Structure formats: structure tokens, C-alpha cells
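Here is a short tour for someone who likes geometry with the cut-offs spelled out. Please have your viewer ready.

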Amino acid sequence: MLPVLQQEGQRFLSVREAELTTQLQSLEVQSNEITKLATQVEQQRKQVPILARRYTEIQRKLQFANESLNRFLSNRENLQIQISQTELGWQLIQPPIQPSLVTASSRVRNLIIGFFISVAAGIGVALLLEKIDNSYHSVIKLKKKINFPLLGNVPFDNEVKALQSRTSKSKFSPIKIFNSLLEGGQDTNISIAQEYSSYSTEFLDALRFLYTNIQQIKPDSQVRSLVVSSVTSGDGKSIVAFYLAQTATAMGLRVLLVDANLRQPMVHNLANLKNLWGLSSLLSTNLPVSEVIHKLPSMEQLSLITAGPAPDDPIKLLASEKMKQLMADFQDDYDLVIYDAPHFFGLSDVSILSPYTDGVLMVVRVGKTDASVIEQALDYLRILPLNILGVVSNS
């Protein structure tokens, strides 16, 4: 047994010696690399004083050039003033003539001519504006044109129009979100959300009328989920979705408002919330739903999920199996789920979301949405299998 043990010991020592030799060689290579890097750093450090001197010299030359330019400009102005004073003089071409007195009859004639000219000009301008403006200026004209039921007209008062103007200027930028993560705290630049009851009675009554009509679309069952979209951007769909959710909450429902517009979200601005994480976080990570749900202080029954950080491919996230499962879970947990989606004309977001809801609510802005675009969208809807619950206009 002793020779065997000696042989095994000798083999173990040989293996360990080989390993140590390899490690030693590796350390020598690393040491050589570190030495080279140290040499390069030292050479660069020696270049710093030279570069500093060059920079100082360039700054000095620049200052001298600016001073010379200012002197040249001042001299040029002085020369121009001297030339204008010496070479160019004033000359009386014709002596002044006293105008003749205007008679009363000529004054009346001029007033009549001016009146007819102004009337003709006003009619011409009106005809020109009507020719250029290709939008529906009344709810009646809009209702005659579209083939879907008009569920209501929500008049935007001055406060809501100002709110829409501010939210339409906000852009969705990952850089802004990153800065918000660094700064922390409440965003002091966005303070938009107002109390639901502070708006005009006409505005609130229109929202209640819209909610009632939506619930009467299906006589045998209640609408449990819907997508709010529009033909084009800027039609006020996010505001309609936001206050429709509050109206349904005021009616006693447990409501969830989801910002499914991963391209240009607005719900977090309307609710005065941070958009550090949201729907995109749920779809791309294992973050639990409870971490992204927000509550409005004045409405405990209303829950909100913001859009979250901007994804590279929104369609991929919205079409995922996880999104389908989330939508099914939301519909089980709440009485009404409202998805604020992008405009459907030219985008496929709404066509991906709508099959898993009860339908789409289309928002059209009277006096703003182009009539030709609406006609193209209606033709588009004949091909696209979207379940349009109805149309809501705002003015």
C-alpha cells in the first residue's frame, strides 16, 4: 500500500504544481497588461499640460479675434453714419397741398361703398373658410354621416379645453422617465387633475348620459370592458376615458382605467401620477399587479394603471399571452374596465385589444376631425373586424 500511496501523492503534487504554474503564467500576463496600461495612462497624463497650454492659447486668440471683430463692426457703423450725413441729404420734391373739403354727399357715398365692399369681402372669406375647412361643425351633420350609433356629445368647457391643451403637449420620453427616477418626489410641473365635481353641470350630465347609453347597448348583459379610441390623435379620447371612468365610479361601480397607449400616454398626466412603471412593466417583467395600481384620493373605487416606460415594440407586448391573461383577470376583478388606446386609423393597437373586450368607443371631435379622414376610417372599419359600440363627439 505504501508505494501506491506514494505514487498517488506524487500524482497529486504534480497536478497541483501544474495548476500553480498555469495560474502563475496567467498572473504574469495580467501583470504585463497592467504595466502596459499604466504606461499608456502615464503618457496621456504627460499630454495634459501640453493640451492645457494649447487650450489657453486658443482662448487667447479667440478673445483677440472677438475684440477685433467688435472694433471693425463699430468702425463700419460710424462710417455708414458719416456717409449718410455727408453724401445723402433731404430734398423737398413738392410743397404740401391742403386737401379740399369733403362734402357731406361724398362722405355718405364713401360709407355706402365701404359697407358693400366689406360685406362682399366677409362673404368671400366665409366661403373660402368653408371651402378650406373640411370638418363637421355640428353633431347633426356628424350623425347623418356615420353608420354607428351616436351615444352622446360631451361639451368641453374652458377648464377641460385647457386640460386637453396641456396634455396634448406632453410627450412620452424614456429620458424624462429616467430623470424622474433620479429626482424622485412629486412632479411639480404637472398638476392637472381636478375634482370630478368641480366641472360644469352640462359636462357632468353629458358624461352620465354617455355612461347610461353605453350600458343600454346590450339589453341582456352589462358592458364590462371597453376600449376608448379615436380616428386621429388630439380628439380628446383620453379625457373622455378618464372622466367616463370617474362617472362610472360615481355610479357605484368598481372601475379600472388602464392606459394602453404605450406610444403617447396621457392618463398619468390627467391623474397627476408618476409614470415610472405601469402596463409595460407588467408585460415585460414579473412585477405584481398590486405594485402598479394607483388610487385617486377622492374615489377609492377607481383604480388606475399608467402606461409605464416606453417599450421598443408596443405591438409585441399588447399581443402577448400575458396581456390576454391580464385583461381576463381585470374583467373578473372589476365591474368595468376601460382601456385608453391610441387612435385606430393607421395603427393596429386597437384591433389587438378589442377582441378581448365588449367593444370600442370611438371619439370624434366636432369642428376638428377631418371629414375625409372620418370617411377613410369608416371604409377601414368595414375591413377591420372591430366591434364599434358607438361614437361619442366632443365640442
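This is a predicted model: local features need pLDDT of at least 70, side-chain atom pairs count only at pLDDT 80 or more; totals for chains, interfaces and linings use all residues.

Residues are numbered from 1 along each chain as its sequence is written, and side-chain values use heavy atoms, with hydrogens and water left out.

**The chain overall**

- The chain has 13 helices and 8 strands; these are DSSP runs numbered from the N terminus, with helices (H or I) of at least four residues and strands (E) of at least two.
- Of the chain's 395 residues, 35% count as buried, where buried means under 20% relative accessible area, exposed means over 50%, and partly exposed lies in between (1.4 Å probe, protein chains only).
- Taking contacts between residues at least 6 apart in sequence, 84% join residues at least 24 apart; a contact means heavy atoms within 4.5 Å.

**Helices H6 and H7**

- The axes of H6 (residues 201-215) and H7 (residues 237-250) come within 9 Å and cross at roughly 80 degrees. Axes here are lines fitted to C-alpha atoms, for helices over the stretch in contact, and angles run from 0 to 180 degrees between N-to-C directions.
- The two helices are therefore roughly perpendicular to each other; the classes are roughly parallel under 35 degrees, roughly antiparallel over 145, roughly perpendicular from 65 to 115, and oblique for the rest.
- On the H6 side, Phe203, Leu207, Arg208, Leu210, Tyr211 and Ile214 meet Val240, Tyr243, Leu244, Thr247 and Ala248 of H7.
- The residues of this contact divide into 9 nonpolar, 1 polar and 1 charged (nonpolar: Ala, Val, Leu, Ile, Met, Phe, Trp, Tyr, Cys and Pro; charged: Asp, Glu, Lys and Arg; polar: the others, Gly among them).
- H7 has 14 residues and reaches 20 Å from its first C-alpha to its last, close to the 20 Å expected at 1.5 Å a residue; the expected span is 1.5 Å times one less than the number of residues.
- In H7, 13 of the 14 residues are buried, so this helix is largely enclosed by the rest of the structure.
- Gly252 follows H7 and has a positive phi, near 100 degrees.

**Aromatic rings**

- The whole structure holds 2 aromatic pairs. Rings of Phe, Tyr and Trp (its six-membered ring) pair if their centres lie within 6.5 Å; planes under 30 degrees apart count as stacked, over 60 as edge-to-face and the rest as tilted.
- Phe203 and Tyr243 form an edge-to-face pair, 5.6 Å centre to centre with 80 degrees between the planes. This pair links distant parts of the chain, Phe203 in H6 and Tyr243 in H7, 40 residues apart.
- Phe242 and Tyr243 have ring centres 5.0 Å apart and planes at 80 degrees, so this pair is edge-to-face.
- Phe203, Phe242 and Tyr243 form one aromatic cluster.
- Phe203 is buried, Phe242 is buried with a relative accessible area of 1%, and Tyr243 is buried at 0%.

**Two loop residues**

- Ala310 sits in the loop between strand S5 (299-305) and helix H10 (314-318), and is partly exposed at 28% relative accessible area.
- Ala310 and Arg263 are 47 residues apart in sequence, yet 6.9 Å apart in space, C-alpha to C-alpha.
- Ser354 lies in the loop between helix H12 (349-353) and strand S7 (360-365), and counts as buried at 5% relative accessibility.
- Leaving aside residues up to four places away in sequence, Ser354 touches Val227, Val360 and Leu386.
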